[in-house]
Every structure is written in C-alpha cells, then in structure tokens.
Amino acid sequence: MALVFNSLPMETRRTQLEPNTYYHIYNRGINGQNIFLEERNYTYFLLKYAQYVSPFVDTFAYCLLKNHFHLLIRTKSEEGVRQLLGGRKEDKSVSWHFSNVFASLFQSYAQAINKKYSRTGAFFEEPFHRIAVKDEAYFSWLIWYIHYNPQKHGFVTDFRDYSHSSYHNFLVEKKTRLNKEEVLGWFGNKQGYINFHLVQQEGVMNMEDFVMEYD
C-alpha cells in the first residue's frame with residue numbers, strides 16, 4: 001500500500017535555506033514556459049548545477065522536465081560552507097550563500113539560453129520553491145514522487161523509461177554526484193529501492209492528497 005500523509009510540510013518561497021537541512025527544491029520557467037528547449041539543455045543544466053550548487057549541498061534525487069524541475073537536497077553544515085569559502089570572515093550569512101548559489105545557477109543557465117536562442121528577459125520564476133523535509137516517511141515518498149513526475153505529467157507511460165531523472169543512477173555501477181549509498185541505505189538495498197517505487201506506483205490514486213507543484 002502506498003504511503004498516505006495527512007498533510008504536507010509547509011512550502012514557502014521566501015524562507016531562508018538553513019544549514020544541514022533537507023529540502024525539496026522546485027522551480028519552473030517564467031509564465032510556465034519551457035526551460036529545456038532541446039536535448040543538450042538538460043546536460044548543460046546539470047553541468048551548471050555541479051559547478052554552482054553541488055559544492056554546497058548533498059543531492060539525493062532530481063528530475064528535469066520541459067518546463068520545471070525537482071531536486072531533493074541537504075544543505076551543508078555551516079562549518080562545511082565556511083571551509084568552502086576558505087574560512088574567510090565576511091558579513092554574508094550561510095543562508096545567503098545557499099540562495100546565492102541557486103541564483104548563480106539560474107542566472108548562468110538563463111544567460112546561455114538567451115544568447116543561444118536570441119531571447120531576452122527573465123527565464124525562471126523568482127523566488128524558487130523550497131520545502132523543508134523533516135519527516136522520514138515523507139522523505140522516502142518524495143524520492144519516488146520526484147522520479148514519478150514524468151509519468152504524472154504524461155511525458156512517458158512508465159517513469160522508469162524517462163532519461164532525465166536520477167532513478168537509474170542508483171541501479172548502475174557508475175560514478176555519480178548523488179549520495180547513492182545513503183539513498184539506497186534508506187530503502188535497505190537496490191531491491192528495496194526498486195520495490196518501494198513499484199509499490200508507490202500501484203497506489204498512485206492517492207496523489208491528489210499531495211498538491212504541491214504545477215499542474
């Protein structure tokens with residue numbers, strides 16, 4: 001039976017990102033426009049994510065769709081961020097740096113897209129959505145939800161066939177920036193990870209209880 005929750009964690013777009021905290025991050029193109037215009041854009045976005053965001057967070061799952069994306073992350077500790085910054089003293093808070101690395105990702109990607117496709121103006125909605133994840137059961141369900149998104153939105157008939165999510169990264173012996181061993185540990189092993197996804201898919205009729213993103 002699929003997990004059912006009585007309520008969702010509160011989502012706010014203006015709450016600061018705190019250190020050592022799990023978050024569901026999601027955002028879309030301004031006015032719902034597509035943010036991935038051709039196949040190579042997906043790879044470019046992940047490269048920019050690795051450049052700007054990955055050093056400051058641990059990443060557990062992702063899914064990139066035509067007009068929006070989902071991430072499950074854990075922000076680094078305050079000490080870890082200070083080490084990344086070379087231990088220098090400054091007026092900016094750690095929370096400011098977390099927001100800034102996402103802003104840098106969005107700005108860098110948007111500039112490249114605008115230049116390539118001869119467009120101008122804003123590209124992503126601001127500010128981006130964030131939900132603090134503090135419930136263990138919700139956390140496990142969220143892994144599945146992120147991977148299921150392409151099927152939810154009709155891009156594929158089976159989420160396992162979608163190529164721009166992290167689902168298969170946990171099943172192959174290949175180097176990844178994802179916290180692979182930690183995620184598989186939550187499900188027991190690879191088979192537990194697979195089984196959990198399949199069980200949740202069978203209970204997808206409960207998804208109307210989780211209105212937390214874009215239609």
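**Helix packing and loop residues in a predicted chain**

Reader: Which pattern does the chain follow, read along the sequence?
Author: Helices and strands here are DSSP runs numbered from the N terminus, with at least four residues (H or I) for a helix and at least two (E) for a strand. The chain has six helices and five strands, and their order along the sequence is β-β-α-β-β-α-α-β-α-α-α.

Reader: Which elements do the buried residues of helix 1 pack against?
Author: Helix 1 covers residues 39-52, and its buried residues are N41, Y42, F45, K48, Y49 and A50. With contact taken as heavy atoms within 4.5 Å, these buried residues pack against strand 3 (57-64), strand 4 (68-75) and helix 3.

Reader: How many nonpolar, polar and charged residues does the contact of helix 1 with helix 3 have?
Author: The two helices pack at an angle of about 145 degrees with axes 9 Å apart, where axes are lines fitted to C-alpha atoms, for helices over the stretch in contact, and angles run from 0 to 180 degrees between N-to-C directions. R40, N41, Y44, F45, K48, Y49 and Y52 in helix 1 meet residues of helix 3 that include V101, F102, L105, Y109 and I113. Ala, Val, Leu, Ile, Met, Phe, Trp, Tyr, Cys and Pro count as nonpolar, Asp, Glu, Lys and Arg as charged, and the others, Gly among them, as polar. On that basis, the contact of helix 1 with helix 3 has ten nonpolar, three polar and three charged residues.

Reader: Which hand does the crossing of helix 4 and helix 5 have?
Author: Helix 4 (residues 136-152) and helix 5 (residues 180-187) pack at an angle of about 115 degrees, with their axes 11 Å apart. They are therefore roughly perpendicular, given that under 35 degrees counts as roughly parallel, over 145 as roughly antiparallel, 65 to 115 as roughly perpendicular and the rest as oblique. A crossing is left-handed if the near helix is turned anticlockwise from the far one by less than a right angle, and right-handed if clockwise. For helix 4 passing helix 5, the crossing is left-handed.

Reader: What relative accessible area does S118 have, the residue with a positive phi in the loop between helix 3 and strand 5?
Author: Helix 3 (residues 94-116) is followed by S118. The phi of S118 is about 55 degrees, a positive value although this residue is not a glycine. S118 is exposed, and its relative accessible area is 70%.

Reader: How far apart in space are K76 and D58, C-alpha to C-alpha?
Author: K76 lies in the loop between strand 4 and helix 2 (78-84) and is partly exposed, at 25% relative accessible area. Leaving aside neighbours within four places in sequence, the contacts of K76 include P19, N20, D58 and F98. K76 and D58 are 18 residues apart in sequence, and their C-alpha separation is 7.0 Å.

Key. Residues numbered from 1 in each chain as written. Predicted model: local features only at pLDDT ≥ 70, side-chain atom pairs only at ≥ 80, totals over all residues. Heavy atoms only, no water. Expected span 1.5 Å × (residues − 1). Buried < 20%, exposed > 50% of the residue type's maximum accessible area, 1.4 Å probe, protein only.
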